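Let's take a friendly walk through this model, starting with one residue and ending with the place where two chains meet.

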Amino acid sequence: MALSHLSSTRSNRLLRPLAAAASSLCRPISTSTEPLVIETSIPFTPHKCEPPSRSVETNPQELLTFFRDMATMRRMEIAADSLYKAKLIRGFCHLYDGQEAVCVGMEASINKKDCIITAYRDHCTFLGRGGTLLEIFSELMGRQGGCSKGKGGSMHFYKKESGFYGGHGIVGAQVPLGCGLAFAQKYNKDENVTFALYGDGAANQGQLFEALNISALWDLPIILVCENNHYGMGTAEWRAAKSPSYYKRGDYVPGLKVDGMDVLAVKQACKFAKEHVLKNGPIILEMDTYRYHGHSMSDPGSTYRTRDEISGVRQERDPIERVRKLVLGHDLATEKELKDIEKEIRKEVDEAIAKAKVSPMPEPSELFTNVYVKGFGTEVFHS
Amino acid sequence: MATVFQGLGATAAITAAANPLDSNKFLLSSRRSFSGKKTSLVVVRSDGSLNLNTGSSAGARRLDQLVTNAVATKADAAAAASASKPGHELLLYEALREGLEEEMDRDNRVCVMGEDVGHYGGSYKVTRGLADKFGDLRVLDTPIAENAFTGMGIGAAMTGLRPIVEGMNMGFLLLAFNQISNNCGMLHYTSGGQFTIPIVIRGPGGVGRQLGAEHSQRLESYFQSIPGIQMVACSTPYNAKGLMKAAIRSENPVILFEHVLLYNLKERIPDEEYICNLEEAEMVRPGEHITILTYSRMRYHVMQAAKTLVNKGYDPEVIDIRSLKPFDLHTIGNSVKKTHRVLIVEECMRTGGIGASLTAAINENFIDYLDAPIVCLSSQDVPTPYAGTLEEFTIVQPAQIVTAVEQLCQ
């Protein structure tokens with residue numbers, strides 16, 4: 001991880017006044033928006049395009065927001081783990097811890113008019129799009145206050161007003177939907193883009209190539225993002241894919257391989273991608289990331305990989321730790337302040353869970369609502 | 001009654017004694033307009049009456065519930081005057097196109113996507129000329145990727161566009177079954193009502209003239225269980241245009257089943273704008289002795305059999321159910337209560353077809369009114385063979401219908 005003091009001295013001059021202030025008794029957490037330039041962990045690997053620069057512009061406020069957002073997501077997923085084991089969450093529960101940098105970095109480079117569509121590992125993406133912890137836990141526990149009124153479940157989170165289109169259970173099926181979102185954006189001449197996320201397992205689906213062809217043919221403003229966590233449930237990528245270079249799979253479509261555990265790299269790549277597709281048509285981003293949990297709560301996650309591998313990634317590449325080191329290294333906050341933030345987050349999450357636990361289940365009549373719009377057709381005749 | 005359609009190339013003139021046009025009085029009513037839109041649209045009931053069930057008030061209320069927002073109405077004195085206009089003659093595929101074009105003119109969110117719908121003009125000419133008029137983005141030629149372009153249509157519908165996805169043959173949509181079932185049908189529910197999917201999926205299906213097994217499928221039997229979709233089948237130029245327009249205006253996903261052999265049917269349809277109710281069945285020929293329920297091409301086999309039956313002294317009531325999901329049990333129920341005998345004639349296979357579901361639905365709701373068990377004539381449970389003679393044995397022929405009625409009415 002390259003700290004900025006290894007690169008230009010320009011940033012050092014900016015830091016000096018802060019460093020001087022640090023020696024005083026009480027310094028508040030930096031909410032400064034003074035630009036900071038930080039290098040990504042590794043350079044981007046391009047396919048048929050010019051990669052963006054490794055130097056990412058950010059600022060203390062943004063870094064601390066990254067920390068807070070990712071820590072909230074991490075805490076939320078761990079809490080969901082406990083709730084599942086307590087049988088309050090049932091069915092399927094796919095957790096995103098380890099991959100937080102992808103959705104947080106993405107959000108930092110786009111707005112709510114851009115669309116995001118993803119598969120079933122969607123809790124954190126939903127949170128990033130503006131969802132609340134209460135909505136999330138209520139939906140996971142099947143309560144009527146959930147974002148889908150308790151009728152969708154873990155794999156069906158949506159937030160139409162913030163451009164979050166789900167939340168899909170069938171592997172790969174969300175990518176053609178993403179093409180449709182991009183098509184509508186082009187149809188309406190929106191100047192917005194769509195991010196269609198899928199995993200390394202879904203990358204082998206035929207419909208992906210169909211969608212790729214269509215998007216490239218019609219210059220749709222779509223960014224296909226492969227969240228490569230190296231395992232399709234229990235099958236490692238080398239056992240499922242002849243070519244593990246998912247960013248090259250587009251052939252005629254340019255691609256970029258990104259360190260998905262580095263939130264700044266993700267932010268840079270998504271910013272670059274958005275500018276690219278609005279001019280040149282689709283691009284593929286491969287996010288090299290990792291999930292600490294198994295595929296879902298029914299999968300221990302240790303039968304197909306070693307515990308050493310998991311803890312190795314956690315020690316060396318954890319996205320939150322990376323940001324923590326950045327923040328501490330640039331003196332943007334103290335160790336204690338970060339710990340306080342984490343405590344605060346823990347409290348928030350616990351409160352949301354407590355509230356969701358006592359919230360009501362959906363009414364029985366809800367079984368028949370929203371099948372059709374305005375209820376037509378469900379029961380035409382009562383004898 | 002209509003003469004039987006003879007072949008793909010021929011045009012069949014339809015002289016209809018029970019033609020919906022003739023017997024209709026245009027319905028003038030100030031019905032609740034769900035969409036809140038003001039239109040000068042006229043609702044045409046197929047039998048011209050307001051209250052199908054003149055009995056209980058519950059029936060009248062039921063009738064109210066059948067009105068959809070696709071059938072926004074407004075009392076319009078001008079409509080009565082226009083009833084005397086002769087209208088214009090066209091073929092069924094032209095009627096579909098007319099409906100489509102009118103809706104595309106009316107709302108620029110409406111777009112068409114499918115294979116060869118644009119520059120080629122559509123493999124059955126339904127979209128001919130539309131690409132020139134509306135441009136490539138509104139009439140979109142897709143690659144051969146049903147899964148992807150159906151999914152694309154659904155994704156576009158999620159944002160508010162109103163796409164019409166054409167399957168060149170309904171059978172090809174099997175490749176898009178996942179998209180149709182999970183995303184098209186269920187997204188409204190799983191998102192807690194956030195997304196509506198106002199998509200129309202249409203295309204020709206059914207048994208044609210020796211097209212072979214894979215091109216002679218009846219997808220309505222596979223799709224009928226998908227919750228959240230509506231299915232309609234058109235059978236005349238009149239209802240083809242009306243159902244197309246209603247389907248496009250509906251906020252629900254609608255699958256419109258056309259038939260390969262019916263595209264060249266000719267009929268005179270009104271000049272003024274009209275739409276047909278998506279959930280309503282069509283009374284083709286009122287009668288007293290037996291209720292014959294049918295849809296799509298089998299309607300014509302039934303009407304041919306009806307000619308023979310009338311000569312033999314029977315009085316069949318023929319209803320084209322049109323709405324395959326949900327069934328119009330109101331119209332059907334009233335007919336059953338009148339005749340007490342039901343014959344279903346369908347093109348689906350015996351197992352798991354529309355007829356099977358309809359038999360169950362009628363038995364559950366109207367068992368007390370039946371004097372005899374329901375008879376369902378369906379196609380054989382076989383892949384449709386290529387040889388002409390074998391293909392004829394696969395589907396229900398008029399002679400079989402006559403025999404069945406005679407047996408039921410003993």
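## A buried glutamate

E286(A) counts as buried because its relative accessibility is 0%, under the 20% cut-off. Bear in mind that this is a predicted model. The residue belongs to strand 10 of chain A, which covers residues 283-288.

What does the side chain of E286(A) have beside it? One of its polar atoms lies 2.9 Å from the backbone nitrogen of Y246(A). Leaving aside residues up to four places away in sequence, E286(A) touches several others, among them C226(A), N228(A), Y246(A), Y247(A) and K257(A).

## Helix 13 of chain B

Over in chain B, helix 13 runs through residues 354-366. Its 13 residues reach 18 Å from the first C-alpha to the last, close to the 18 Å expected at 1.5 Å a residue.

The buried residues of this helix are I354(B), G355(B), L358(B), T359(B), A361(B), I362(B) and F366(B). They lie on the same side of helix 13 of chain B, because they cover an arc of only 170° around the axis.

## Where the chains meet

The contact draws 59 residues from chain B and 46 residues from chain A. About 4,300 Å² is buried between the two chains, with carbon and sulfur atoms giving 66% of that area. On the chain B side, M152(B), Y189(B) and Q194(B) lose the most area to chain A, together 15% of what that side buries.

Between chain B and chain A there are 16 residue pairs in polar contact, while the salt-bridge rule finds 0 across the interface. Several elements of chain B each supply at least two residues to the side touching chain A, including helix 2, strand 4, helix 12 and helix 13. Helix 6 of chain B gives the most, with 11 residues.

Conventions
Residues are numbered from 1 along each chain as its sequence is written. Chains are lettered from A and ligands numbered from 1 in the order in which they are written. This is a predicted model: local features need pLDDT of at least 70, side-chain atom pairs count only at pLDDT 80 or more; totals for chains, interfaces and linings use all residues. Side-chain values use heavy atoms; hydrogens and water are left out. Helices (H or I, at least four residues) and strands (E, at least two) are DSSP runs, numbered from the N terminus. Buried means under 20% relative accessible area, exposed over 50%, partly exposed in between (1.4 Å probe, protein chains only). A polar contact is a pair of N or O atoms within 3.5 Å; within protein, one must be able to donate a hydrogen and the other to accept it, and residues adjacent in sequence count only if both atoms are side-chain atoms. Contact means heavy atoms within 4.5 Å. The expected span of a helix is 1.5 Å times one less than its number of residues. The arc is that of the directions from the helix axis to the C-beta atoms. Buried area is the accessible area (1.4 Å probe) that two parts lose on being put together, summed over both. A salt bridge is a side-chain nitrogen of Lys or Arg within 4 Å of a carboxyl oxygen of Asp or Glu.
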